[in-house]
Amino acid sequence: MKIGILHLTDIHLTRTTNFNTKVTHLNKVMLLDFHNIDKLYIILSGDIAFSGQKEEYGKAKAFVDNLKKGYAEMHPSIDVMPIIVPGNHDCNFSQSPGLRDTILKNVNYESIGKDNSFIDLSISVQNYFWGFYGFYHKIPEDKMFYILKDIVCGKKISFICLNTAWMSQLKEDSGTLFYPVNRYRNSIEKDDKSTLKIATWHHPINWFTPSTQENNKQEFQNFIESIAPIHFVGHEHEHDHHLSINKQKDLNTHLLSGKLFHDDKKPNESGFQTAVIELKDHNTILKQYSWEEEHYKTTHMNEFSLAHETRKLFQIKKEFDKEINDTKIPLLFNRKDIRLLDIFIFPDIEPSASKNIDKLESYIDSEKLLETDFVNCILDGDSQIGKSALLAAIFLKSYRDGFFPILVDGKDFKSIDLDKIVKRAFQKQYANAHNEFDKFMQIDSSKRILLIDDYHKTILNSQSTKSVLDEAGKKFGKVLITIESTYSLLPTMQSEFDSWKFYSIKPLGYKKRNDLIETFHYLKEDPITFNETSFLEYTKFSYDNVSNILGNKLMPSYPIFILSILQALEYKPMQHQETSFGYCYQTLIHYSLNNAGVSNELIDTYFNFLTELAYFNIEKDVEHITRKDYDEFYFNYQKDFIVPNFEVIHRTLLKSKVILEKDNCVAFGYKYILYYLSAKKISDVLHKTEGQNIIKKLFQEVHLERNANILVFVTHHSKDISFIEESRLNSMIVLDNIAPITLFKDDPFYNVIQELAEEVKHDVLEINRNPREERRKLLHIRDENQREVDAAERKIDDSNEDLEDVKSKFVPFQQSFRSIEIIGQIIRNRKGSLTKKQLHEMTKEIYTTGFRTISFVSELLNNDKNDIIATIVDDSEENESKSEITNRINMLIQMMCLQTCLGVFNKLMFSVGNKDMKDLYQNVAEDINTPAARLVSFGINSYYGKISINELKEISAELKGNIVATNLLKARVKSYVYNRKVEYDTKQQIASVLNMSLGPVNKFDFRTKENAYAK
C-alpha cells in the first residue's frame, strides 16, 4: 500500500515557455520512481504561472494533463490527482483593486475582522488561478484553507492546503506576511481521523511576520507542526529538507522545499522532488532531482519515517545500521547505496500445523508478523532460504514503526541469564547503550521486540530453553525465533511451547519471484534511459530464464539463488565454454564453496572431488550413499587425485551445504548439484563405452525426473549432440502409433473440444489492461494452482492406494515431455553451431511429439470415460441422473483435453522458443502445414517478438471458419496485448483483423473458461 508524490513548484509558465525536453525526462523519472504504487499525487506548491495571466493557465492545464496522460499510458489503472495551491506569481497584480494595496499595509486579526470581506478583496487577484484549479477540483468555499480528502487501499488521506499568497504584492519582503491561524485550528481537530496528513503551501516560515501581538511567525510554525508531519513548500527555488523536532509537544515535522522547476531566464536551472510513502508504516523515500547535462540527476535521496520523536527514543548505532542493512550478497549495481529493504521481498509462511490440511488460504505474507496478532512465533526454514534476512527486515520495519527490536544470535544463548544476553545485544545495536539499557527495560513491554536468529545453534537443553523463552515471552511484546528445519529441535519445541505459533518459511512463489526480479531490474535502471516497454520485456525475459534454471523444484526459489542467477546471466565471461545456464549452476556452487572458506586456488580441487562423487552416485543409481560408501569413495579417490585430508574436506562441504549428512547417509544439498556435476562427468566420457551406456540407460527411463534432468545438464556441458539420436529412438518412438493432432475440422481432437470452443467467446479486446497488473494476477493464479498441486501430491504420498497402474499409463506422456525438454535445450544452447537443416528437423520432431502427446492424453481420457461415469453413478449419493453425470464428465474431459492442449503448446513455446529463430518456426509450420503447427509458431514468435499485422492477417485468413483454431488464435493475441505495452492504433488494427470489438476493462474472474485460453 503505497502512494507516490511528484512535487513541482515555481514553474513560472509564460506564453512563450517551451520546456518539452525537461518534461520528457520528467516523465521518465515518474515511470521509474512510481512503478509500484496505488495512487499518484502531483503537488504544485505555487507559482504555477509567471504573472497570473489567463493564457499562462491554459499552458499549465496542458502541462498537467500531459503529465497525467504520459503516466496513464504505462499505468492506466493508477489514478493521478493534482494537489494545487497558489503562490505570489499566481496573483495577477494588473487586476488588483486600488483599495487592496491600502488595506494590506497593516494586517492583523483586528484588521481582518470576522467576516470574509477583507480576505475576499485580497484574493481577487487570484481569479485566473482558481479558474485553473476548477479543472481538477470543486473550488473551495474558503480559498485560504481547504482540505482534499482521499481513500487509498482503505486508508484515509488528507491534503491540507494553505493559501499563503493571499496577501502577496508585486514587491514583498520576508518577515511581512500574515496568516490567520486562529480561523483554522478547529478545522484540523475535525479532521483527526485521517491515516495520513500531508500539507502544502508556498511561502516558507521566515516570510511570516514576528511583529504582531501574537507573533504570527511563531504562531504559524506551531500551527503547521500540528496539522501534518510532512509539508511541501516552494518559493525559495532550492531543495531543502528540514526536520523540526518539538520535544515539548512530541511532534516531528518534515519541511520539504522544492527547487524551481522552470524560469524562462534560467533554462539550465530546474528540479523537482519525488516521494513514495508506505501507508502501513508511513516510511518515506524522498528523491531530489536537478537538471544537469541535459537530464535530471538524483542529487539527494533520503529514507525516513513520519513517526513521532518518541518512536526514536533509542537510536541505532551507525555501525549496526550498516551491518543490518547489508544485503549479504554482492550486487553489481552502479548505485552504491543499496540497502536490504530496497531489494527484500517478504516470503510467504505457512502454519506448521497445516501441512496436512488442504487449505490454500493457510499461506500468510510474512510481513504480517509485524502486526499485533503475531506475538510469540517460531519460524522454521531450510538453509539459505533467507531466515536471517527476514529477521533483519522485520528489525528495520518494526524500528520504523516505533518499536525497539533486539536481534540475538542463537549461539549467544549459552546460559539462561536473559537480561545479560539482551543487554549485550542492546549495547551492540543502540547508541549510548550503557546509560540507556535500564530505560529500555522500563518502557512499555509492547514496544520491545526480541528476534532470535538460528536458535538451533544454542547449547541449552530443552529445560533451559523452556525457562529462558518463557521469560522472554513475559518481558517482550513480541518474540520471533528462526530455526533450521533439519534440526531435531523443532519437534521438541512444538511439544514444549503449545501457546506459541509455528510457521514454515516458503520459497518465493511465482508472483513474489517476479516481484524480486522486477525490483532487481528497477534498481539497475538508469532514469535517463529508462523505457517502460523495454523494461517489461526484459523483466519477462529474465523471469523465464530464472524459471528455466530453477526448473520444477530442481533448485528452490530462494532469494539468494534468484539474485545469483540474475547476476550470473548478466556477467557470464565471454570465453566460458559452457552455456549461460550452465555457468549459472557453476557460479552457485562456486559461491557456496567460497562462503565456506574455500580459496580460489582450491576451487578446482573441490569441484573435481564433487564431480567424481556425483558420478559415483549415478553409477550406483542412488541419490544418497551410506557413510560407509562415502568413506570408501574418499579412500579410492585420494589414490588418484590430490585432495585435502578427509576431515577438512568433509567439514568444509558440510559447512557449504553442498552436501548434507543425516541418519548415517550422505547426500547432495540440492538436486541440481547432483545432476549438474554428474552430467559434467558424463559429458567428459560421452565417446567412451562407459558414457554411451550411461546415456542409453538414462534415455530408457527418461520419464524419471533425475534421468531427464541429467540429460538436460549434459546439453549444457557438451557441444556433442550425437546422443540425441538415442533420444529420438528410445523416448519418442513410444508414441509413433499415435496420430498427431492437426486442429483441422476432421481431426478427432477437434471434435472433442469443439463444443467447449463454441461456448467460449473472444470477441472483445479490452484496451485498458495494465500489463504489470495482468502479469501479477496470472502469476497469483499460478501460485494458487501450484498449492493445489502440492496439496494433491501430499495426499497421494500419504495414501495407501496402489497407484502404480495409473502412473504407468502416463509414462509415455512423461517420456515425451522430457524428450521435448532435452531436444529443446539443445536447440537453444547450440543454435549457432547446428546447421539450419538440423535445427529444422529437430524442431519439427519436437512439434510432432507434442501433437502426438495431446492425442495420447485425449484418447486415454476418452477410453476411460465410461469407467469413470460408471464409478460415479455407483458412488453417487445425490439425486443425479446418469445422463446428468455423463454430461458433467463429458464437459470435464473436454476441459482437461483443452488444458492439455494449451499446456503442451506452452511447453513447446518455452522449450524451443528463442527470439533469434523466427524464420525457423515459420518454416517448420509451413512444412507440417496444420493449424496446430501454425498456432505454435505464431505463439513462439509473438511471445519472443512482436505481432506483425500482415502475418496476423495471413494466419487469420488461413484459419477462417475453424472456430477452435480461431479462438485459440484470439486468446493468444489477447494475451499478447494484455501483457505488454501496445499502442492504441495497433490494438485497433488487431481487433479489425480478428473481427473483434474494442472495449473497456471487463472485471471478470481469471479462473473462468474464457481465460483458460489466455494462459
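Two aromatic rings of Phe, Tyr or Trp (its six-membered ring) count as a pair if their centres lie within 6.5 Å, with planes under 30 degrees apart called stacked, over 60 edge-to-face and the rest tilted. By this rule, the predicted model holds 61 aromatic pairs. The model is a prediction, in which local features need pLDDT of at least 70 and side-chain atom pairs count only at pLDDT 80 or more, while totals for chains, interfaces and linings use all residues. Residues are numbered from 1 along each chain as its sequence is written, and side-chain values use heavy atoms, leaving out hydrogens and water.

Tyrosine 179 is buried, with a relative accessible area of 0% (buried means under 20%, exposed over 50% and partly exposed in between, with a 1.4 Å probe and protein chains only). Phenylalanine 220 is likewise buried, at 0%.

Elsewhere, one aromatic cluster is formed by Phe609, Phe616, Tyr630, Phe633, Tyr634, Tyr637, Phe641 and Phe646.
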